[in-house]
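Visitor: Could you walk me through this one? I'd like the cut-offs spelled out as we go.

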Amino acid sequence: MNNPIRKWLLKHLEFSIFDQLITKAQLNLGGKRLLDLACGSGYSSLLLEQRYQPTHVVAFDLMEKQIKLAGRYPTISTDRFIGDITALGLRSNVFDVAFGFGILHHIKGWKQGVREIARVLKPGGYLVIEEPNGFSAEFFRRFVRYQIPKEGHFTFTELEDQFQSAGLQIINFKSVLLPCFRAYLLQKL
Ligand SMILES: C[S@@+](CC[C@H](N)C(=O)[O-])C[C@H]1O[C@@H](n2cnc3c(N)ncnc32)[C@H](O)[C@@H]1O
């Protein structure tokens, strides 16, 4: 997605809440390796670079078109590739923090996606992610005409159970636009 409303929401709502979770946990992401999951048109990678000065951001998306759009941002430490979150083809235990800006509900096979995220995170690494519950996903599918697979209509309990079974422990979470979305900070055990 590459429209001004999405960019505004990404920066002032999701990114701002992620930053609050990171600040509260006193995490310093300077010099770290970050993963921008299903990055879409890539604005999130620019925000991550500007705010945290990581050594390296790796960003991927399933759609070649999105990766091409992402290449227009003036990032300096971001590498991008076309990739499937359910089978990343990356080495295990390499990233300090992974970020997901509203992505799992779009993914067929999202449970395998959660396992892949856990696999590529270092032990002790973090996942920062925001997702809608099934009710909100259905609202977006019907009224905003988002293409959301039926499988992406999960409850927060189902999502949290999957985090737990993948070895990702909830450190903190914030409800966003009560009770429609949750933003999580999780740590790989
Ligand atoms: C709503 S967009 C979010 C994009 C971006 N994170 C943002 O906030 O603007 C969801 C993205 O997930 C991508 N996607 C869907 N299935 C995927 C998969 N299996 N692996 C990687 N990306 C996928 C889509 O191409 C799309 O760019």
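Guide: Let me start with a term: a residue is buried if 20 or more other C-beta atoms, placed from the backbone, lie within 10 Å of its own, exposed if 12 or fewer, and partly exposed in between. This is a predicted model, in which local features need pLDDT of at least 70 and side-chain atom pairs count only at pLDDT 80 or more, while totals for chains, interfaces and linings use all residues. Residues are numbered from 1 along each chain as its sequence is written.

Visitor: OK, so is Gln 147 buried or exposed, and why?

Guide: Gln 147 is exposed, because 8 other C-beta atoms lie within 10 Å.

Visitor: And where is the place of Gln 147?

Guide: Gln 147 sits in the loop between helix H5 (134–143) and helix H6 (156–165), where helices are DSSP runs of H or I with at least four residues, strands are runs of E with at least two, and both are numbered from the N terminus.

Visitor: Zooming out, how many helices and strands are in the chain?

Guide: The chain has six helices and seven strands, and 40% of its 189 residues count as buried.
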